[in-house]
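Work through the exercises below with the sequence and the coordinates at hand. Each task is followed by a worked solution.

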Amino acid sequence: TLNIPSPTPDPTGGQSPNADLADWKTYSNEKFKYQVMYPPTWTARENNMLSSDFVSFKSPDIQGNDSTGVVGIMAEKMTTSVTTDSDALLQFQTFMDSCSPSTPTQCTEKVKDVYKLEKQMTVNGRLVFQTYGGCCLDIGRHIFIYNNDIRYRITLYNLDPSSANLKNESEFDQILSTFRF
């Protein structure tokens, strides 16, 4: 069982910090029923699958296959419906338990399959969980949001876990502040 701290208020109050969003683009996903805004100079790229969808948002200064500073949203169907904060906590604990070093996965570098809980907070009125870590090439800051039978994982990728500085961190916070169901 995780030691989950009490939620902190939405740091943005549902508003984007330090940015005028008037010229931002809007990305909408009808299948998983959400929308989010992103900077006008960034590009969005979708990878849609049967049970999940992934979209990445990339700033123009990120070249080639470098994913440091890329913001990604993975939306996936769950078999359980989450309607309360208690349901969300249970689903998050189940996910975290599945990432323990003793749990087999497809990751060949199991030692890196660690999501460290940073904090619990609210975003857009929802209880969310912020972690840092990941598996294999999926390392970064992750925000887990649960709504009905969908889990959303919003990630700011950082392939150097020893670095405390995350590229595009303020943009990540601004994008997160615009996330809506």
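**Exercise 1: Burial and surface**

Task: State what share of the residues of the chain count as buried, and what the accessible surface comes to.

Solution. The model is a predicted one. Of its 181 residues, 46% count as buried, the cut-off being under 20% relative accessible area. The accessible surface of the chain is about 9500 Å², and carbon and sulfur atoms account for 50% of that.

**Exercise 2: Chain layout**

Task: Find how many helices and strands there are, and in which pattern they follow along the sequence.

Solution. Count the elements: the chain has 2 helices and 8 strands. Then read along the sequence, which gives β-β-β-β-β-α-β-β-β-α. Next, take the contacts between residues at least 6 apart in sequence: 49% of them join residues at least 24 apart.

**Exercise 3: The nonpolar cores**

Task: Identify which residues of the largest nonpolar core touch the most other members, and which element gives the most to this core.

Solution. The largest nonpolar core holds 28 residues, and those touching the most other members are Y34, F57, V71, I143, I145, Y152 and I154. Two or more residues each come from β2, β4 (52-58), β5, β6, β7 (126-134), β8 and α2. With 6 residues, β8 gives the most to this core. A second, separate core has 13 residues, including F95, C99, F129 and F144.

**Exercise 4: Helix α2**

Task: List which residues of α2 are buried and what covers them.

Solution. Within α2 (residues 169-177), the buried residues are F172, Q174, I175, L176 and S177. Their cover includes β2 (34-38), β5 (71-82), β6 (114-123) and β8 (140-157). As a check on one residue, the contacts of V71 beyond four places in sequence include F172 and I175.

How values were computed
Residues are numbered from 1 along each chain as its sequence is written. This is a predicted model: local features need pLDDT of at least 70, side-chain atom pairs count only at pLDDT 80 or more; totals for chains, interfaces and linings use all residues. Side-chain values use heavy atoms; hydrogens and water are left out. Buried means under 20% relative accessible area, exposed over 50%, partly exposed in between (1.4 Å probe, protein chains only). Helices (H or I, at least four residues) and strands (E, at least two) are DSSP runs, numbered from the N terminus. Contact means heavy atoms within 4.5 Å. Accessible areas come from the Shrake-Rupley method with a 1.4 Å probe; for residues, only the protein chains shown count as cover. A nonpolar core is a set of buried Ala, Val, Leu, Ile, Met, Phe, Trp, Tyr and Cys residues joined through side-chain atoms within 4.5 Å.
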